[in-house]
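Dear colleague,

Please find below the structure that I am handing over to you. My findings follow directly after it.

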Amino acid sequence: MSEAHVNFLGGSPLNRLSWLRTSSIFLNALLDSPSTRWVAFQDGKPLIASREKEARLALLTTSEVEPFIGSKPHFGQGQEEGVGFADVDLPILEASRFRGAPIIFLGLSEPQPNDYSPGISPGELAKALVGTPFFSIDVTEVSQTEIDRLVQTSVAGTGGYKLSFAEPRGATRGMGDFDAGVFAEARSMVDWNSRNKFCASCGSPVYSVWGGWKLSCASLLSSSNNAGRKPCPTQKGLHNITHPRTDAVVIVAVLNEAQDKILLGRNKKFPAKFYSTLAGFIEPGESFEDAVGRELWEEAGVRVRDVKYHSGQPWPYPANLMVGFYAIGDPSQPIRIDLDKELEDAKWYTREEVLAVLQHKEGTNFTRGDYKQFVKSIDERANVTVSGGDPLGGDAAVRDHQARDPPASIKSNVEELPFKLPPRTAIAGVLISDWALGRAPAETTIKGRM
């Protein structure tokens, strides 16, 4: 098996230390560390430090965000302010938070692996760790005056950087791999915490535990007035906590038997001339290969076989995992877009046609108008994934992540573009360009009924 491909936004650069999320002692000790850094969000928009064509996450210190995160203890808060730590022996109060802006422990950036020997206490471990702890904070409910003061005085703005909260897709422009990976984790978790305010079983408010990674129903608390109410179903079993979710999407590059043609589709609300691979959510009771077969049939009337996994890409809008595949289809069979009526068009393209677009200076570029139209179409569809997923992958001027240009001998002879393609910041662009350039890896074939 060839080496795994790491897509933009992937790579998960932090050691998440998930087994320590329950420890208030550990998390509070990290907040006291001068090396700790914070990623801030407002209405889902990350705080970005930018200058010229460079952009990175603005990393704040604990002292800068301290006015927003509430009184100590920051983790393991009691239900009433001023009572000190919660009962650490109660699982529903592990690293609990009832006050202050929503915060999440993201993990540790390690220059080299730390010693996690058994027996060391969480407090001792926090002091001994070598690296940079990362947290996120959601300042959506903080007054704009306080936010403006933070932006104007933060040390993250030194060196000629301008701080601003940026539209999340466009914010990735110019980001390096590390920042993009941290952003993907933080943005999905901030969004999940902001969307889930009430228990899905009984409607009671929820509160944060486990460093922002789980939500618990307030009806489980001793202070709750449950008179005349049936016990919340979440009180039993493992369902007393709401876990973060990731919605998987299959995204498929369909090739013909000779692998010199590719099937691309155009959604009705894509920007002008834009075509991409086909995609769709995995439904309950489906495997990856089941979803591939169903989606290709529903969207284009195509039956596929020989499904091969390529790679995955976290997509934090709000919390998807794009799972990329290649599959074999038959161009002699008629294409049908009349079933779920999601596509405006679908066609088979030759390698030469695709290469001509990839080599064109505008082949994977989009104007800001195109980009705004695409984001608007996603919002109008109430978070329903369109064909090809969210294929723009960033601003029109976003860098071509891990760009591997076609050989210089391959030149585009197309002046007027017949269609456009996604950039390599999106997995759809990777699947298309890897195939066109003969770089599609021969990964393990997933066998199943199509």
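In this predicted model, the axes of helix α8 (residues 351–359) and helix α10 (residues 427–436) come within 9 Å and cross at roughly 120°. Axes here are lines fitted to C-alpha atoms, for helices over the stretch in contact, and angles run from 0 to 180 degrees between N-to-C directions. The crossing of α8 past α10 is left-handed, a term used if the near helix is turned anticlockwise from the far one by less than a right angle. On the α8 side the meeting residues are Arg351, Val354, Leu355 and Leu358, and on the α10 side they are Ile432, Ser433, Trp435 and Ala436; contact means heavy atoms within 4.5 Å. Helices (H or I, at least four residues) and strands (E, at least two) are DSSP runs, numbered from the N terminus.

Two notes on conventions apply throughout. Residues are numbered from 1 along each chain as its sequence is written, and side-chain values use heavy atoms, with hydrogens and water left out. As the model is predicted, local features need pLDDT of at least 70 and side-chain atom pairs count only at pLDDT 80 or more, whereas totals for chains, interfaces and linings use all residues.

The chain as a whole has 10 helices and 17 strands. Of its 450 residues, 51% are buried, that is, under 20% relative accessible area, with exposed meaning over 50% and partly exposed in between (1.4 Å probe, protein chains only). The accessible surface of the chain comes to about 20900 Å², and carbon and sulfur atoms hold 51% of that area; the areas come from the Shrake-Rupley method with a 1.4 Å probe, and for residues only the protein chains shown count as cover. Among contacts in the chain with a separation of 6 or more, 73% join residues 24 or more positions apart.

Strand β1 (residues 37–42) has 5 of its 6 residues buried. Two strands are said to pair if DSSP finds at least two bridges between them. With strand β6 (residues 132–138), β1 pairs in the parallel sense over 5 bridges, and phenylalanine 41 has aspartate 138 of β6 as its bridge partner. Strand β4 (residues 59–60) runs antiparallel to β1 and is joined to it by 2 bridges; here tryptophan 38 stands opposite leucine 60. Strand β2 (residues 45–51) also pairs with β1 over 2 bridges, in the antiparallel sense, and glutamine 42 stands opposite lysine 45. The hairpin of β1 and β2 has 2 residues between the strands, and aspartate 43 takes a positive phi near 55° in it.

A separate open sheet has 3 strands in the order β8-β9-β10, with antiparallel pairing. Its edge strands, β8 (206–209) and β10 (241–242), each pair on one side only. Between β8 and strand β9 (residues 214–217) there are 4 bridges, and valine 209 stands opposite lysine 214 in β9.

How many disulfides does the structure hold? There are 0, a disulfide being a pair of cysteine sulfur atoms within 2.5 Å. The sulfur of cysteine 202 has its closest cysteine sulfur in cysteine 217, at 3.5 Å, which is too far for a bond. Cysteine 202 is partly exposed, at a relative accessible area of 26%, whereas cysteine 217 is buried, at 2% relative accessibility.

Yours sincerely
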